[in-house]
Amino acid sequence: MNDPARDEAVAVDGEAVEGLAGGEEAALLGLLPVAPDDRLVYGGHPDQVVDLYRPPATASDASATVPALPADGRAAPLVVLLHGGFWRVAYDRTHLSPAAAALARHGLYVALAEYRRAGGGGGLPQTFDDVTHAVRAAAAEVPAGTPVLVAGHSAGGHLALWAAARPGPITAAVALAPVADLARAHELGLSDGAVAEFLSSGMPAPLTSAELTARIAETDPVRLTPRVPVTLLHGTDDPDVPVELSRRYVAAHADGAALVELRELPGVGHYAAVTPGTDAFAALREALREALRTAARAAPGAAPEVAPRDGQSGRTGP
């Protein structure tokens, strides 16, 4: 993880990647994948794995919220990172490995989670079960009392917001360009009907309109009250997931008990916030630091709930 060549490959502390030919998506997908330091298995399906990225002994931007770290990185705050791709099996966690490695370099212990997706055994409830088990497996790897953040991009942002409303070890959530309003995303037909495809995945027959409406309501972040502080980062020029969805989420939870904040990124599209070397990625790092401070103020001294691993979970090599 601490190989300088790998850091250069993901553009950490190097030149920014904004403005590269092909735009934000090309800039992100053009980065070399970064292998994890270790890997957890939390189930029997090939996609039920979590890649672990540990910080170096001294974080490059250590602050009051990131303590001095031992060699194994286990005192670092934990971030469970959920990738996007409109919940489809065609997209996996690999494209977020540079972001995971970069966040680890800056003092966070990052667990990049894979999960079952539409077309590969995912859907309702499989994908949601996987997120629950992945978070708990990662949290079991850190000492009791370690802050546990969940962060997700795009469809992974939807899953992060869902997790923020569920019982478990999470102390704060950061959602990046999230599909934060499923009903509105379905109305807009985002990504050729991705919401219906995802929530219908694995069903023996097509869902009726009423059945789909019920499934959307069950998993829609705008209807699920967060129990931890939530920060949303969303580019104002996002062509894939309109910033309108994040605005609707914040409006829905403005009077809730948990702190919910939207930070709009002017002129930013869909991918910059998960691309190391961009100003938007720097905004993500700051949002994670602030989420740690907010969670600490909200529940000083509170230890996260950590469930023991079940018999299927365990460490493997990367």
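Which residue forms a salt bridge with R248? Select E244: its closest N–O approach to R248 is 3.8 Å, inside the salt-bridge limit (a side-chain nitrogen of Lys or Arg within 4 Å of a carboxyl oxygen of Asp or Glu). Before going on, note that this is a predicted model, where local features need pLDDT of at least 70 and side-chain atom pairs pLDDT 80 or more, while totals for chains, interfaces and linings use all residues. Numbering runs from 1 along each chain as its sequence is written, and side-chain values use heavy atoms, leaving out hydrogens and water.

Stay on helix α9 (residues 244-252), where R248 and E244 sit four residues apart, about one turn; helices here are DSSP runs of H or I, at least four residues, and strands are E runs of at least two, numbered from the N terminus. Now pick R247 and E264, whose side chains meet in a salt bridge at 2.7 Å, N to O. R247 belongs to α9 and E264 to strand β8 (residues 260-265), so this pair ties together parts 17 residues apart in sequence.

Next, jump to E114 and R117, another salt bridge at 2.7 Å, N to O. E114 is buried at 0% relative accessible area, and R117 is buried at 3% (buried means under 20%, exposed over 50%, partly exposed in between; 1.4 Å probe, protein chains only).

Last stop: α5 (residues 155-164), where ten of ten residues are buried, W162 and H158 among them.
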